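Subject: Handing over the structure

Hi there,

Here is the structure I promised to pass on to you. Have a look at it first, and then read on for what turned up in it.

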Amino acid sequence: MMTKQIPQKTPAIHPVWLRTMHWLNAVAVIVMVLSGWRIYDASPIFGFSFPPGITLGGWLAGALLWHFAAMWLLAINGVLYLAFNLITGRFARKFFPLRPAEILRDLGAALRGRLAHADLRHYNAVQKLAYLFVMVDIAVLVLSGLVIFKSVQFPLLRELMGGYDTARVVHFVAMSLLVGFFVVHVAMVALVPRTLLAMLRGR
């Protein structure tokens with residue numbers, strides 16, 4: 001007598017908690033960047049301003065409200081993301097080891113358009129470096145943002161940042177690097193659409 005075999009469910013590439021936090025983080029970053037550009041325009045650091053049409057908030061007070069709301073979402077979501085990654089062991093499993101030789105090898109392959117993406121369960125060295133970088137970059141954004149937002153309440157942090165004005169420059173540079181990461185990330189997703197499907201449905 002033949003028994004019918006039940007097909008086993010393919011293990012998820014990305015668990016539900018990771019996918020949820022990823023998309024919440026994406027929303028928070030987009031809102032913070034667009035509202036941040038409007039805040040920047042109220043007192044530019046450099047000799048240019050962002051076109052109002054690509055900013056969020058309409059005016060300074062409105063932009064600040066959007067910025068602070070997204071700030072809490074980004075900070076809380078970021079802390080939970082790190083906590084879940086550490087508790088589940090995913091952080092060490094996904095991002096380490098990370099060796100300089102592997103980074104150079106995979107970076108060379110990426111520049112030649114030969115970087116493999118056959119198994120989405122594993123990050124290549126360039127991905128590991130990029131994701132670790134963006135975690136640090138977001139942490140710098142949050143810390144420099146605290147100096148700008150509550151300079152008097154965080155005097156030590158303000159001094160470590162080199163003062164209020166320097167913190168504004170650090171915040172802007174960190175934002176620019178985050179936007180650069182976002183652009184490259186979207187471009188890579190366009191080149192490998194399976195990564196988007198995996199982040200939407202987990203498989």
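Contacts (heavy atoms within 4.5 Å) that link residues 24 or more positions apart make up 65% of those in the chain with a separation of 6 or more. Please keep in mind that this is a predicted model, where local features need pLDDT of at least 70 and side-chain atom pairs count only at pLDDT 80 or more, while totals for chains, interfaces and linings use all residues. Residues are numbered from 1 along each chain as its sequence is written, and side-chain values use heavy atoms, with hydrogens and water left out.

The overall picture

You will find eight helices and zero strands in the chain, so the pattern along the sequence reads α-α-α-α-α-α-α-α, where helices (H or I, at least four residues) and strands (E, at least two) are DSSP runs numbered from the N terminus. The C-alpha trace spans about 75 × 40 × 35 Å along its principal axes. There are 203 residues in the chain, and 33% of them count as buried; buried means under 20% relative accessible area, exposed means over 50%, and partly exposed is in between (1.4 Å probe, protein chains only).

The accessible surface comes to about 12900 Å², and carbon and sulfur atoms hold 73% of that. Those areas come from the Shrake-Rupley method with a 1.4 Å probe, and for residues only the protein chains shown count as cover. As for charge, the chain has 19 positive and 7 negative side chains, with 15 Å between the centres of the two sets. Lys and Arg count as positive and Asp and Glu as negative, while His and the chain ends are not counted; each charge is placed at NZ of Lys, CZ of Arg, CG of Asp or CD of Glu.

The second largest pocket

This pocket holds about 620 Å³ of space. Its lining has 27 residues, and the closest to the centre are Gly36, Ile39, His67, Ile148 and His171. Two or more lining residues come from each of α1 (16-42), α2 (60-88), α5 (125-149) and α7 (164-191), and α1 gives the largest share, seven residues. For the terms: on a 1 Å grid over the protein atoms alone, a pocket is an open set of points where a 1.4 Å probe fits, with protein on both sides within 12 Å along at least five of seven lines, and lining residues have an atom within 4 Å of a point. Grid points are joined across faces, edges and corners, and the volume is the space filled by probe spheres set on the points.

Some residues to look up

Start with Lys94, in helix α3 (residues 90-95). Is Lys94 buried or exposed? Lys94 counts as buried because its relative accessibility is 10%. Beyond its neighbours within four places in sequence, Lys94 is in contact with Arg121, His122, Tyr123 and Lys128.

Pro97 sits in the loop between α3 and α4 (100-111).

Gly47 belongs to the loop between α1 and α2 and is exposed, since its relative accessible area is 88%. From Gly47 to Met175 there are 128 residues along the chain, and their C-alpha atoms are separated by 17 Å.

Ala61, in helix α2, counts as partly exposed at 31% relative accessibility. Its C-alpha atom is 9.7 Å from that of Arg38, 23 residues away along the chain.

Leu191 is in helix α7 and counts as exposed at 64% relative accessibility. Asn124 is in the loop between α4 and α5 and counts as buried at 10%.

Best wishes
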